[in-house]
Amino acid sequence: MAIKSEASDAPEILNLENFLPYRLYRLADAVSREFSRIYKDSHGLTRPEWRTLSGLGQHGTMTASTIGEQSAMHKTKVSRAVAELERRRWLTRSPDEKDRRVEHLTLTRAGLTAYREMVPLAKAFERELLSKLSVGERGAIADGLAALEKNLGQN
């Protein structure tokens, strides 16, 4: 039995640490985990709760489906987040007049207050993150992300 010794016969190996999708995932997860400490410590929120609160704070009334699409969350995570924010009396549900299966979600005064308290914390986190980069690096990241989003139909 002959042993193959030519490098070209060896199976191709993927260097995961240099694979762009893996690097983007790990970086996004690390940034998300770091930011989650802020909203967990200040308001006791989970990631899905924060994403739901921030979506409603930014856009006003939304459906759970729209929140899921906007935040890339599975419907069960959105459902649990909505239930918890409702339990806290931070959001209200109102049925759609045309389709009773659809509910419109809106922040209450308390929910809006919590959102408004979080906005400066989120912006400060982003400023701190970006301060680690040069002006050119910030521009390159913004341009690169915009190009990838455009080409992947995310805009």
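**Stop one: a loop residue**

Select Arg-89 to begin: with a relative accessible area of 66%, Arg-89 is exposed, because anything over 50% gets that label. Keep in mind that you're looking at a predicted model. Arg-89 sits in the loop that runs between H4 and strand S2 (91-95). Check its backbone too: phi of Arg-89 is positive, about 65°, even though the residue is not a glycine.

**Stop two: another positive phi**

Now select Ala-72, in the loop between helix H3 (64-71) and H4. Here is another residue other than glycine with a positive phi, this time near 55°. Is Ala-72 buried or exposed? Ala-72 has a relative accessible area of 69%, so it counts as exposed.

**Stop three: into helix H4**

Next, pick Lys-77, which you'll find in helix H4 (residues 75-87). Lys-77 has a relative accessibility of 44%, so it is partly exposed.

**Stop four: two crossing helices**

Color helix H1 (residues 20-43) and helix H2 (residues 47-59). Their axes come within 10 Å and cross at roughly 80°. That angle makes H1 roughly perpendicular to H2. Which residues of H1 and H2 meet? Show side chains for Asp-29, Ser-32, Arg-33, Phe-35, Ser-36 and Tyr-39 on H1, and you'll see them meet Arg-47, Trp-50 and Arg-51 on H2. Sorted by class, this contact of H1 with H2 has three nonpolar, two polar and four charged residues.

**Last stop: zoom out**

Clear your selection and look at the whole protein chain. How many helices and strands does the protein chain have? There are six helices and three strands, and along the sequence they follow the pattern α-α-β-α-α-β-β-α-α. The radius of gyration of the protein chain is 21 Å, well over the 15 Å that the globule rule gives for 155 residues, so the chain is more spread out than a compact globule. Turn the model around: along its principal axes, the C-alpha trace spans about 75 × 40 × 30 Å.

The protein chain exposes about 11700 Å², and carbon and sulfur atoms supply 54% of that. Buried residues make up 23% of the 155 residues in the chain.

Methods
Residues numbered from 1 in each chain as written. Predicted model: local features only at pLDDT ≥ 70, side-chain atom pairs only at ≥ 80, totals over all residues. Heavy atoms only, no water. Axes fitted to C-alpha atoms, helices over the stretch in contact; angles between N-to-C directions. Helix = DSSP H or I, 4+ residues; strand = E, 2+ residues; numbered from the N terminus. Parallel < 35°, antiparallel > 145°, perpendicular 65-115°, else oblique. Contact = heavy atoms within 4.5 Å. Nonpolar A, V, L, I, M, F, W, Y, C, P; charged D, E, K, R; others polar. Rg over C-alpha atoms; globule rule 2.2 N^0.38 Å. Buried < 20%, exposed > 50% of the residue type's maximum accessible area, 1.4 Å probe, protein only. Areas by Shrake-Rupley, 256 points an atom, 1.4 Å probe, with all protein chains shown as cover.
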